[in-house]
Amino acid sequence: MREPIGVGMTDPLGTTAELCDVVVIGGGPAGSTAAALLARRGYKVVALEKARHPRFHIGESLLPMNLPLFERLGVLEKVRAIGVFKPGADFEADNERGYNTYAFARAIGNSPPHAYQVWRQDFDKMLYEHARECGADAREGHEVVHVEHDGPREARVEVRTDDGRNYRIQARYVVDASGRDAFLGAKKKLRRKNDQHQSAAIFGHFRGAEQRAGEDAGNISIYGFDHGWMWMIPLPEGVMSVGAVCRPDYLKQRKGRTLEFLLDTLKLNPALWQRLENAELIGSEVRVTGNYSYDSTRMGGPGWVLVGDAFAFLDPVFSSGVYLAMSGAEHAVAVVDTALREPARELALLRKLERRQRAGMARFSFFIYRFNGPVMRQMFRHPRNTWQVEQGVISMLAGDLFDTPKVLWRLKLFKLIYAICALRDWGRWRAEHKYRLAQARSQFTGGNTPLDKA
């Protein structure tokens, strides 16, 4: 049983502070998941979202491993009602169709055979309302402006509302799910840019884009181009989310001509543009986001934990964001629950949770960091299922990368195959490079070099 908590108390500044067990900062998927599950466990939870739902958010494509979590949370039918059926992901290929489908039904783990794609404003609003239905005090238009920990179970949270009021909450625990704002991470100077992989995105929503035929109609489609990669995501009511993730220096070239720059970029892949050339941009609105990839030096400490994008975010090429956020939040709830009942176990559980989350991120990251390289692109264009390696990759795409041994060892095998292919590719490049140098040298020596004679 949790400890009883009072109605209010006077904080060190002499102001009457509202009391609760847990403050959750942020009303996105991670925050709503944490708030709902903690409230179900009997805690007094105050969830604070600075905006008001519905609010726009990118990240519309969900993974099959979200579905069991939705079921545990009690929202699976609600997601089904607002989503587009997603049977798999397809990538460009040198075949008659022009693409390979990685169908989730072929995964070798325990992941469901499909997922959904959603308007994030509808999805996030539904999850936040569900947290309220579960007993969380979910407040919109309430922005956390300061958090001070006077002790492991004494957090002073200062809040400002969008109508100009200010108030304080005294909480026993703080869950930071503030997304890319990374509220506590910024305050504690934990956030660090990912120097291995930086990207930015430009995107819009179109009506009238060409869908895949037949059973592939709900696929997310991934395309490559010289500066990054592109996506096409079918959404409800015939809308298609279309955008490009690219290096920040490429995006800086737009110089105020955002719409024209997006269209010019999408034209760089003829196969994508063929599906889009007769479509119409909805509302003529094009959005741009800054650098994507970052993480935090640690995930939590006495009385606080970071979940979702407040802890880390990867490039969205494999649609991992929502699943990692909600899965991390679900596991963080168990840590918070134990920490409030058995404080001596808190730090060990936080370390274990952080190791788990980083391990899953690392498995995604291996593919993400190499996705734009010629070797990885070739492997996705021409997949082979020797020892079920391709099916292991499908399981990764489904989000099954934490607990299934037969998936994990096949991902290790994929790494080995990649290393062999990369070495062979490097050897081929080196031989071609030496040949070109020899040819150039022969122009100045009259063709008398040993290589030229050979």
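Let's start with a pair of strands: β5 (residues 88–92) and β6 run side by side in the antiparallel sense, joined over five bridges. Within this pair, F91 stands opposite N100 of β6. The two strands form a hairpin with six residues between them, and in that hairpin G98 takes a positive phi near 90 degrees. Strand β6 spans residues 99–103, and four of its five residues are buried, so the rest of the structure largely encloses this strand. Please keep in mind as we go that this is a predicted model.

Now step back and look at the whole chain. The protein chain holds 14 helices and 20 strands. Of its 454 residues, 57% are buried. Among contacts with a separation of 6 or more, 72% are between residues 24 or more positions apart.

E92 and R377 are 285 residues apart along the chain, and yet their C-alpha atoms are separated by 8.7 Å. R377 itself belongs to helix α11, which covers residues 374–381. If we set aside neighbours within four places in sequence, R377 touches G224, F225, G228, F371 and N372. Is R377 buried, exposed or partly exposed? Its relative accessibility is 24%, so R377 counts as partly exposed.

Which strands pair with β2? One partner is β11 (residues 166–176), which pairs with β2 in the parallel sense over seven bridges. Here I25 stands opposite D176 of β11. Another partner is β3 (residues 45–49), again in the parallel sense, over four bridges. In this pairing V22 stands opposite V45 of β3. As a general point for reading such strands, side chains in a regular strand alternate between the two faces of the sheet.

Two packed helices are described by the angle between their axes and the distance between the axes. Take α9 (residues 321–341) to begin with: its axis and that of α1 come within 8 Å and cross at roughly 30 degrees. Angles under 35 degrees count as roughly parallel, and α1 and α9 are therefore roughly parallel to each other. The crossing of α1 past α9 is right-handed. On the α1 side, the contact is made by P29, A30, T33, A34, L37 and L38, while α9 supplies V322, A325, M326, A329, E330, V333 and V336. Sorted by class, the residues of this contact of α1 with α9 are 11 nonpolar, one polar and one charged.

Helix α1 also packs with α4 (residues 120–133), at an angle of about 20 degrees and with the axes 8 Å apart. That angle makes α1 roughly parallel to α4. Here the crossing of α1 past α4 is left-handed. P29, S32, A35, A36 and R40 of α1 meet R120, F123, D124, L127, Y128, H130 and A131 of α4. By class, the contact of α1 with α4 has seven nonpolar, two polar and three charged residues.

Let's also visit T161, which lies in strand β10 (residues 154–161). T161 is buried, because its relative accessible area is 5%. Beyond neighbours within four places in sequence, T161 is in contact with G141, H142 and Y167.

To finish, turn to some backbone details in the loops. Most residues other than glycine have a negative phi, and most peptide bonds are trans. Where does the loop between β3 and α2 (66–73) come in? That loop contains P54, and the peptide bond from H53 to P54 is cis, with omega near -5 degrees. E237, in the loop between β15 (228–235) and β16 (239–246), has a positive phi near 60 degrees without being a glycine. With 70% relative accessibility, E237 counts as exposed. S319 is also not a glycine, and its phi is positive at about 55 degrees. S319 sits in the loop between β20 (304–306) and α9, and at 10% relative accessibility S319 counts as buried.

Conventions: Residues numbered from 1 in each chain as written. Predicted model: local features only at pLDDT ≥ 70, side-chain atom pairs only at ≥ 80, totals over all residues. Heavy atoms only, no water. Axes fitted to C-alpha atoms, helices over the stretch in contact; angles between N-to-C directions. Parallel < 35°, antiparallel > 145°, perpendicular 65-115°, else oblique. Left-handed = near helix turned anticlockwise from the far one by under 90°. Contact = heavy atoms within 4.5 Å. Nonpolar A, V, L, I, M, F, W, Y, C, P; charged D, E, K, R; others polar. Pairing = 2+ DSSP bridges. Buried < 20%, exposed > 50% of the residue type's maximum accessible area, 1.4 Å probe, protein only.
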